[in-house]
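Thanks for coming. I have one model to go through, so let me put it on the screen.

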Amino acid sequence: SEEIIEPALPSDILLTYYNFLSTGEYEKTYDLIFQGENSISREDFLEKIENIYSGIDAANIEMSITEPYDEDTGILHYNLNMDNVAGKIMFDNWAEF
């Protein structure tokens, strides 16, 4: 597998993750989020994530940070937009680092 350059900031990690999703580089998403901590096997993860995103015909995935990273809580808020088989969806979410 190709070596991943580790993003330094939580916002960079999240942006990189969604960039990999939008280009179908599912293997790189696993490498990015499960470095040294393998609570799910690579094969199981790749099968699940590919089934989810290809199953809904996800396309044009765009993510934007909506609030600065909170170092005290480890939370980063973001908005996700994507086209899928049912149309365009948009939602706010958060990630914990």
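Does Tyr 53 count as buried or exposed? Tyr 53 counts as buried because its relative accessibility is 14%; buried means under 20% relative accessible area, exposed over 50% and partly exposed in between, with a 1.4 Å probe and protein chains only.

Before going on, the conditions. This is a predicted model, where local features need pLDDT of at least 70 and side-chain atom pairs count only at pLDDT 80 or more, while totals for chains, interfaces and linings use all residues. Residues are numbered from 1 along each chain as its sequence is written, and side-chain values use heavy atoms, with hydrogens and water left out.

Tyr 53 sits in helix 3; helices are DSSP runs of H or I with at least four residues, strands are runs of E with at least two, and both are numbered from the N terminus. Leaving aside residues up to four places away in sequence, Tyr 53 touches Tyr 18, Leu 21, Tyr 26, Ala 58, Ile 61 and Met 82, contact being heavy atoms within 4.5 Å.

Now the core. The largest nonpolar core has 20 residues, and Tyr 18, Leu 21 and Tyr 53 have the most contacts inside it. Such a core is a set of buried Ala, Val, Leu, Ile, Met, Phe, Trp, Tyr and Cys residues joined through side-chain atoms within 4.5 Å. At least two of its residues come from each of helix 1 (10-22), helix 2 (26-33), helix 3 (42-55), strand 1 (59-65) and strand 2 (75-84). Helix 1 gives the largest share, 5 residues.
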